[in-house]
Amino acid sequence: MQSRTSPEPDGQVEPRWHPRAVDDYVSVLDSTLAYARRRDYTGPDYGDGMSSRLLQSLPFENRVLNLVVQEVVKRTPVDSRPLLRVEHRRNYKGAALFAMANLNYHELASRRGEVDDLAFDPVAEADRLAEWLLEERITGYSGFCGGHRHEIQHFHTKGVPSDPDIVSTAYAVKALLRATERGLGDEYAEVARTATAFLVEDLNYRETEDGAKVDYHMNHPEDSYTVNAAALGAGMLVDLYEHFGDEDLREPATKILDHIAANQTDIGGWPYRLPASASHLSMDSHHNGFVIEAFQRYRDVVDADRYAETLADALEFYRTDLFELDGAPNFDEKSAYPRDIHASTQGMLVFVNEGDLEFAERILRWVLANLQVKEGQFYYRQYRHHTKRVTLMRWCQGWMSYALSEFLLASQDRLESESTAERERTPLPS
């Protein structure tokens with residue numbers, strides 16, 4: 001990996017993280033959460049074109065038309081949702097992100113002695129969102145699960161709101177576990193625990209020569225495998241193992257990650273799907289970040305050595321190929337654009353997990369300079385010649401609030417640690 005004080009293109013040396021970072025960015029987190037709270041965490045979402053009321057009003061359905069409308073909404077330079085009357089909904093994974101961000105915000109305020117100054121109760125917000133995750137879970141499966149709340153037209157199949165997936169489920173589990181750990185009730189964790197049965201029994205967990213596989217969702221094509229979704233499933237098992245300590249959670253997590261490690265490319269990253277030809281996506285940034293974070297969780301909770309080489313190679317590829325020195329995210333290993341806010345926020349999470357607050361802050365500064373509309377509101381993507389000027393509730397606001405809250409808590413940890421070390425170095429007056 002590059003040095004944390006890697007020289008900038010003009011020869012200047014990037015200054016190391018400074019404790020003032022906490023003070024500089026708390027207001028951004030406050031404003032980001034306020035933006036979502038005023039809208040009850042509901043808004044436009046990535047890939048929500050199928051929620052177009054005009055499309056739904058047609059007397060027929062056509063896969064190609066569905067794809068056209070969905071991709072027009074996703075890709076046009078201006079926001080076409082109002083024209084196509086796309087219905088805004090609360091995203092399931094987004095609710096989990098906001099729940100965790102609110103809990104982090106409360107912890108940060110508590111540690112800074114600022115709880116009495118808050119204009120709202122973040123714990124109550126998190127509790128309300130956690131309850132919503134339980135109410136809106138998808139029933140009829142072997143265990144707890146959730147999914148997108150609008151239809152998504154895939155190339156071969158169509159996802160509907162009653163179809164759960166491991167990605168949405170994994171983040172809901174993480175949020176529910178945190179709710180229990182922050183004192184909001186044991187029932188959240190007990191429900192989350194049953195997600196293991198969903199993964200094993202409903203998502204076709206099966207062992208292979210080099211580990212194990214698990215499907216992304218119920219209708220996944222049989223001729224390909226989605227790497228990052230499986231990694232998130234393994235990460236979910238690690239989260240549950242950390243909370244409950246059940247050995248039967250560690251074994252499937254290990255086998256899934258064994259398979260992913262065995263399929264790491266020579267340059268350190270992973271394609272979106274195996275085989276790589278099964279998707280138009282290559283080694284894109286935020287999906288590789290998901291995979292890396294799963295290995296980081298395993299390292300921190302289960303075993304620091306098993307995937308040490310895999311993780312080292314992945315982090316070197318991630319930092320040198322998927323980010324610029326100024327913190328700008330590259331889309332994949334070949335293309336800089338579009339520069340996506342989700343790639344930035346996932347990068348912040350990865351480098352916070354590595355204790356590299358310097359680079360996490362560099363990514364944050366790039367986002368604030370390039371994708372922030374006003375304090376607490378963010379745009380979706382920067383293309384080479386234009387910026388996609390739409391604020392997606394989950395993709396922009398949810399991910400930014402969660403990543404920024406994790407960065408601020410880690411920064412507060414560093415600040416307190418440095419303050420303690422300074423006191424210990426300072427001799428007491430005689």
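In this predicted model, three strands build an open sheet in the order E7-E10-E11, with antiparallel pairing. Strand E7 (339–340) and strand E11 (387–388) are the edge strands, each of them pairing on one side only. Strand E10 (residues 381–382) is joined to E11 by two bridges in the antiparallel sense. Within this pairing, Gln382 has Thr387 of E11 as its bridge partner.

Helix H8 (residues 186–193) has a set of buried residues, namely Tyr188, Ala189, Val191 and Ala192. These residues lie on the same side of H8, because they cover an arc of only 160° around the axis. An α-helix has 3.6 residues a turn, so residues three or four places apart point the same way. The cover over the buried residues of H8 includes the helices listed below.

| Helix | Residues |
|---|---|
| H6 | 122–135 |
| H7 | 166–181 |
| H9 | 195–202 |
| H10 | 227–244 |

The second largest pocket holds about 570 Å³ of space. Its lining consists of 24 residues, and Arg178, Arg297, Asn353, Tyr402 and Glu406 are those nearest the centre of the pocket. Which helices each supply at least two residues of this lining? They are helix H5 (92–111), H7, H10, helix H12 (285–301), helix H14 (341–353) and helix H16 (393–425). H16 contributes the most to the lining of the second largest pocket, with six residues. By residue class, the lining of this pocket comprises 14 charged, seven nonpolar and three polar residues.

Key
Residues numbered from 1 in each chain as written. Predicted model: local features only at pLDDT ≥ 70, side-chain atom pairs only at ≥ 80, totals over all residues. Heavy atoms only, no water. Buried < 20%, exposed > 50% of the residue type's maximum accessible area, 1.4 Å probe, protein only. Helix = DSSP H or I, 4+ residues; strand = E, 2+ residues; numbered from the N terminus. Arc of directions from axis to C-beta. Contact = heavy atoms within 4.5 Å. 1 Å grid on protein atoms, 1.4 Å probe; cavity = no way out; pocket = protein on both sides within 12 Å on 5 of 7 lines; lining within 4 Å. Points joined across faces, edges and corners; volume = space filled by probe spheres on them. Nonpolar A, V, L, I, M, F, W, Y, C, P; charged D, E, K, R; others polar. Pairing = 2+ DSSP bridges.
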